[in-house]
Amino acid sequence: MGVREGFEELYGAAPEGVWAAPGRVNLIGEYTDFNEGFVMPLALPHTAVAAVSRREDGVLRLHSADIEGPVVELRVDELVPLTNTSWAAYPAGVVWALREAGHAAVASGADIHLASTVPTGAGLSSSAALEVVTALALNDLYELGLTGPQLARLSQRAENDFVGVPCGVMDQTASACCVEGHALHLDCRDLSIRQVPFDLASQGLELLVVDSRVKHALGDGAYAERRAGCEEGARQLGVTHLRDVSYEELDGALERLTDERVRRYVRHVVSDDHRVEQVIALLDAGDVRAIGPVLTDGHRSLRDDLRISCPELDLVVSTANASGALGARMTGGGFGGSAVVLVESTDVDTVTKAITEAFAAAGYTAPRVFPAVPSAGARRVA
Ligand code: ADP
Ligand code: MG
């Protein structure tokens, strides 16, 4: 059953409209966002789809086709941050963030029914898809006139302050602003964006996402530790953020750092910002194949300098490259989640088979492999 039919069955009337917002995968630029550097995500074909109608009585009704359980019913004027630990906190948080930002119209409520094809917990931002689809639907229905970047920031606020997850703005910006056939260059200092052509199909290429099926619990503490280490590095180098250390200055900067751990983190961040710039230059020149080695370089940096990879992700990358891929790297926060692999279309089956067999031989859970076709950002679909 589609979300439109699901909505009708739940709420007894047709929805006013249907919206979709995608998950994302980050091509290059990892742990650079909080250093005010560069990231380069692309939207996936997988989307959260929401059927939505306005209400007039201040009630917010929420339902997900993917979650067992009844309709969640809340009052907009009673939404309190950090009090709801269920999935409903994501869309409810968006309503809260809109109201907090002065968009009083949303206080009259909404009926929402959604379903998503974005895998959860694979580092592909199923949460951002949920937030952005809610934000866009309410923006359209209540005629708020907000832009994609504004909807992204409000969605991030919902996740940071209402749900209580300290994420950057990349995921929501990708979901809200991406354009089909492009990757998104986001400058995390001024939040400016540029669509960079990333046309894989016409080049006979595919970008595979390999979900390692691993999620290590140590992820959260390790993120905070890396973040503190980067801040320490910036402090010792006399800059506000590592963004301000250029790639040309890197060697000199590393000589001035005494702590081996801080030195590794700085080397990762400054070199990954540089890799984003390399990838952009290559894509602008139409040389898509040449980004392969840059991706693999990025993986080495995440594995050896930032030390956030894991045996499963390392196995994806080494097996992919040994079986004919053009390049590969882990993507996202690390310690599990997914990797991206750039391959010739003709080699997809060989590389996929090699990775699957390597996982079986190592006794790991079978990975999930699918193509990351650079897709459209959030939009109204009916
Ligand atoms: P991700 O990397 O996928 O964004 P998160 O932990 O940030 O992982 O978000 C996953 C959470 O988002 C789920 O635990 C659930 O609360 C919510 N979520 C994602 N997809 C759905 C869905 N289809 N229906 C309901 N909740 C969802
Ligand atoms: Mg998330």
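By class, the shell around ligand 1 is made up of seven nonpolar, eight polar and one charged residues, where Ala, Val, Leu, Ile, Met, Phe, Trp, Tyr, Cys and Pro are counted as nonpolar, Asp, Glu, Lys and Arg as charged, and the others, Gly among them, as polar. Please keep in mind that this is a predicted model, in which local features need pLDDT of at least 70 and side-chain atom pairs count only at pLDDT 80 or more, while totals for chains, interfaces and linings use all residues. Residues are numbered from 1 along each chain as its sequence is written, chains are lettered from A and ligands numbered from 1 in the order in which they are written, and side-chain values use heavy atoms, with hydrogens and water left out.

Staying with the shell, the residues that come nearest, of the 16 around ligand 1, are S64, D66, G121, S126 and S127, and a residue is taken as near when one of its heavy atoms lies within 4 Å of the molecule. As for secondary structure, β5 (109-116) and α3 (126-141) each supply at least two residues of this shell, and α3 gives the most, with three residues; helices (H or I, at least four residues) and strands (E, at least two) are DSSP runs, numbered from the N terminus.

Which polar side-chain atoms, then, lie by the nitrogen of ligand 1? In D66, a polar side-chain atom lies 2.6 Å from a nitrogen atom of ligand 1, and in S64 an N or O atom of the side chain is 2.7 Å from a nitrogen atom of the ligand. On the oxygen side, an oxygen atom of ligand 1 is 3.0 Å from an N or O atom in the side chain of S127. The protein covers 76% of the 560 Å² of accessible area that ligand 1 has on its own, with areas from the Shrake-Rupley method and a 1.4 Å probe.

S338 has its place in strand β10 (residues 336-344), and at 1% relative accessibility S338 counts as buried, that is, under 20% relative accessible area, with exposed over 50% and partly exposed in between (1.4 Å probe, protein chains only). A polar atom of the S338 side chain lies 2.9 Å from the backbone oxygen of A122. Q195, in strand β7 (residues 193-197), counts as partly exposed because its relative accessibility is 25%. T147, in the loop between α3 and α4 (148-163), is likewise partly exposed, at 39% relative accessibility.

Conventions. A polar contact is a pair of N or O atoms within 3.5 Å; within protein, one must be able to donate a hydrogen and the other to accept it, and residues adjacent in sequence count only if both atoms are side-chain atoms.
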